[in-house]
Amino acid sequence: MSALVNLRRPATIAVAIAVTLGLSACGGRERPKADLAAAQVTTIGVNSYLWRAALEAVSFAPLLQADSNGGVIVTDWYANPSNPGERVKMTVTILDSDLRADALRVAASRQVSQSGSWVDAPVQAATVQKLEDIILTKARELRRQAVS
């Protein structure tokens with residue numbers, strides 16, 4: 001019987017060593033962590049930071065179309081209650097999956113009321129540029145928040 005106990009102890013130690021080595025192989029390398037701040041973090045067709053920032057920037061106007069795969073947001077006509085004789089319509093296009101200034105295009109249409117009908121009027125280039133700046137600033141802010 002003592003011979004059996006003497007053989008069992010080395011067998012138990014050998015099994016313990018084998019299990020320890022087997023388990024240590026499972027966690028040998030640390031999994032790479034995803035960089036949440038990468039410019040191409042997206043589950044949609046375009047840059048998610050630009051998309052969210054654009055939606056927020058035009059949220060005051062009713063949406064006609066929002067296609068996250070194509071990167072197009074189109075608003076319906078919006079008239080500011082303090083200036084009901086003028087209305088605007090915007091189209092925001094996100095062209096890339098990178099968070100870059102040239103990945104964003106904003107177009108706006110403006111109409112004024114004349115004799116009871118709406119007539120096209122020019123949109124100042126500074127207005128479109130300002131909206132682009134607002135979207136880009138917000139997208140960068142969202143990216144910074146995701147990193148920290």
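These legends accompany a few close-up views of a predicted model.

The model is predicted, so local features need pLDDT of at least 70 and side-chain atom pairs count only at pLDDT 80 or more, while totals for chains, interfaces and linings use all residues. Residues are numbered from 1 along each chain as its sequence is written, and side-chain values use heavy atoms, with hydrogens and water left out.

**View 1. The protein chain and its elements.** Helices (H or I, at least four residues) and strands (E, at least two) are DSSP runs, numbered from the N terminus. Of the 148 residues, 25% count as buried, meaning under 20% relative accessible area with a 1.4 Å probe, protein chains only.

**View 2. Helix α2 and its surroundings.** Seven of the 10 residues of α2 (residues 48-57) are buried, among them Tyr 49, Leu 50 and Trp 51. The buried residues of α2 pack against β1 (63-67), β2, β3 (86-94) and α3 (125-147). At the start of α2, the backbone nitrogen of Tyr 49 has a side-chain oxygen of Asn 47 within 2.9 Å.

**View 3. Thr 75 in strand β2.** Zoom in on β2 (residues 72-75) to find Thr 75, which counts as buried because its relative accessibility is 0%. A polar atom of its side chain lies 2.9 Å from the backbone nitrogen of Met 90. Beyond neighbours within four places in sequence, Thr 75 is in contact (heavy atoms within 4.5 Å) with residues including Val 58, Leu 63 and Lys 89.

Definitions and conventions
Buried means under 20% relative accessible area, exposed over 50%, partly exposed in between (1.4 Å probe, protein chains only). A polar contact is a pair of N or O atoms within 3.5 Å; within protein, one must be able to donate a hydrogen and the other to accept it, and residues adjacent in sequence count only if both atoms are side-chain atoms.
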